[in-house]
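User: Please show the model first. I would then like to go through some of its contacts one by one.

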Amino acid sequence: MSGVVKKVSDVAFKASKTIDWEGMAKMIVTDEAKKEFSSLRRAFEEVNSTLQTKFSQEPEPIDWEYYRKGLGSRIVDSYKEYYDSVEIPKFVDTTTPKYKPKFDELLVELKEAEQKSLKESERLEKEIADVQELKKKLSTMTADEYFEKHPELKKKFDDEIRNDYWGY
């Protein structure tokens with residue numbers, strides 16, 4: 001049994017090392033969410049600490065000779081026989097193999113979505129920079145300078161003037 005518990009505590013310990021708590025904390029905006037996140041982290045660390053200290057240690061072996069001296073060998077041998085006959089079933093993970101392919105597929109989708117998001121963020125940052133630059137220049141910009149950056153609008157206005165269309 002202690003081997004299974006030790007494995008669980010090892011997994012929990014490794015998981016705690018791979019969690020980027022600071023990175024996640026930076027993404028949280030509201031005060032309420034920050035409080036909830038803080039309590040989640042505290043609870044996780046509490047459980048992880050318990051797993052590391054309480055369940056990761058091997059139990060002390062039973063000193064059968066000590067009990068033989070006090071109780072007699074017949075009763076102690078009987079208990080030892082029962083103790084040795086107890087078999088704790090090994091945990092067989094049947095769930096992970098079912099969901100591992102789907103999880104791997106979702107990871108691939110996540111990476112693709114992340115790349116798309118980064119490209120879109122880059123495009124939006126460029127657009128924001130262009131708008132801010134335009135905002136600075138707008139008060140001193142001439143119509144020719146504006147139409148130089150937006151030739152499609154120049155064509156539209158030229159067509160409206162040529163067709164004697166003044167918007168009413």
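User: Does Phe44 count as buried, partly exposed or exposed?
Analyst: The relative accessibility of Phe44 is 25%. Buried means under 20% relative accessible area, exposed over 50% and partly exposed in between, with a 1.4 Å probe and protein chains only. Phe44 therefore counts as partly exposed.

User: What pLDDT do side-chain atom pairs need in order to count?
Analyst: Residues are numbered from 1 along each chain as its sequence is written, and side-chain values use heavy atoms, leaving out hydrogens and water. This is a predicted model in which totals for chains, interfaces and linings use all residues, local features need pLDDT of at least 70, and side-chain atom pairs count only at pLDDT 80 or more.

User: How many aromatic pairs are there, and which geometry do Trp21 and Phe44 have?
Analyst: Rings of Phe, Tyr and Trp (its six-membered ring) pair if their centres lie within 6.5 Å, with planes under 30 degrees apart counted as stacked, over 60 as edge-to-face and the rest as tilted. The count comes to six aromatic pairs by this rule. In the pair of Trp21 and Phe44, the ring centres are 5.6 Å apart and the planes lie at 50°, so this pair is tilted.

User: At what angle do helix 4 and helix 5 pack?
Analyst: Helices are DSSP runs (H or I, at least four residues; strands are E, at least two), numbered from the N terminus. Axes are lines fitted to C-alpha atoms, for helices over the stretch in contact (heavy atoms within 4.5 Å), with angles running from 0 to 180 degrees between N-to-C directions. Helix 4 (residues 64-71) and helix 5 (residues 73-85) have axes 7 Å apart and pack at an angle of about 145°.

User: Which residues of helix 4 make this contact?
Analyst: The helix 5 side contributes several residues, including Ile75, Val76 and Tyr83. On the side of helix 4, the contact is made by Trp64, Tyr67, Arg68 and Leu71.

User: How far apart are the closest N and O atoms of Glu133 and Lys149?
Analyst: A salt bridge is a side-chain nitrogen of Lys or Arg within 4 Å of a carboxyl oxygen of Asp or Glu, and the structure holds 13 of them. Glu133 is partly exposed, with a relative accessible area of 33%, and Lys149 is also partly exposed, at 47%. Glu133 and Lys149 form a salt bridge in which the closest N and O atoms lie at 3.6 Å.
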